[in-house]
Amino acid sequence: MYQQMIFMNLATDDVAASRKFFTELGYTINPQFSNDDCSCVVISDTIVAMLLGKQRYADFTKKEIADSRKTSEVLICLSAESREKVDELVEKAVAAGGTANDDVQDHGFMYGRSFDDLDGHSWEVMWMDPAAVQG
């Protein structure tokens, strides 16, 4: 069965710094699709973040590039396998230079936190009890 993939293209001020940030979170870089202008961050088998220098990003759009430190252009939400893994990823992001947001969501069956990366892109990390999904 075909597995559709998601390629998120995110503008960055500093490709090298962003590459370092995401590798410190435990993600790998696909060198085949990375160079000085972009970094291909493999999040999972079906999710890839393309971190593009702003000049390179501009090659793909005629729109003004959002200043993600001032404007919310997207909320990216990643699943986690446990509450502990939610905390672990957010703590890694903060240690790597990101900023934790103080919006902990704890509904018992669902737990989430979020952080902003070096460019201000917002990443949510969420765990949901599998029993709650089954209804």
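Figure 1. The structure contains 1 cavity of 30 Å³ or more. A cavity here is a set of points on a 1 Å grid over the protein atoms alone where a 1.4 Å probe fits but cannot get out. Grid points are joined across faces, edges and corners, and a volume is the space filled by probe spheres set on the points. The largest cavity holds about 30 Å³ of space. Its lining is formed by D103, Q105, G112, R113, S114, E124, V125 and M126; lining residues have an atom within 4 Å of a point. Strand 6 (99–106), strand 7 (110–116) and strand 8 (122–128) are the elements that give two or more residues to this lining. Helices (H or I, at least four residues) and strands (E, at least two) are DSSP runs, numbered from the N terminus. By class, the lining of the largest cavity has 2 nonpolar, 3 polar and 3 charged residues. Ala, Val, Leu, Ile, Met, Phe, Trp, Tyr, Cys and Pro count as nonpolar, Asp, Glu, Lys and Arg as charged, and the others, Gly among them, as polar. Residues are numbered from 1 along each chain as its sequence is written. The model is predicted, with local features needing pLDDT of at least 70 and side-chain atom pairs counting only at pLDDT 80 or more, while totals for chains, interfaces and linings use all residues; side-chain values use heavy atoms, with hydrogens and water left out.

**Figure 2. The largest pocket.** A pocket is an open set of grid points with protein on both sides within 12 Å along at least five of seven lines. The volume of the largest pocket is about 300 Å³. It is lined by 15 residues, of which Y27, S79, A80, K85 and L89 are the closest to its centre. Strand 5 (75–79) and helix 3 (83–95) are the elements that supply two or more lining residues. Helix 3 contributes the most, with 4 residues. The lining of the largest pocket comprises 8 nonpolar, 3 polar and 4 charged residues.

**Figure 3. The second largest pocket.** About 250 Å³ is the volume of the second largest pocket. Among the 18 residues that line it, Y57, I65, A66, E73 and H121 are the closest to its centre. At least two lining residues come from each of strand 1 (6–12) and helix 2 (54–58). Strand 1 gives the most to this lining, with 3 residues. The lining of the second largest pocket divides into 6 nonpolar, 4 polar and 8 charged residues.

Figure 4. N9 belongs to strand 1. Its relative accessible area is 41%, so N9 is partly exposed (buried means under 20% relative accessible area, exposed over 50%, partly exposed in between; 1.4 Å probe, protein chains only). Apart from neighbours within four places in sequence, N9 has contacts with M50, L52 and Y57, contact meaning heavy atoms within 4.5 Å. A distance of 9.7 Å separates the C-alpha atoms of N9 and C38, which lie 29 residues apart along the chain.

**Figure 5. The fold around these sites.** The protein has 4 helices and 8 strands, in the order β-α-β-β-β-α-β-α-β-β-β-α along the sequence. The C-alpha trace spans about 45 × 40 × 30 Å along its principal axes. Of the 135 residues in the protein, 36% are buried.
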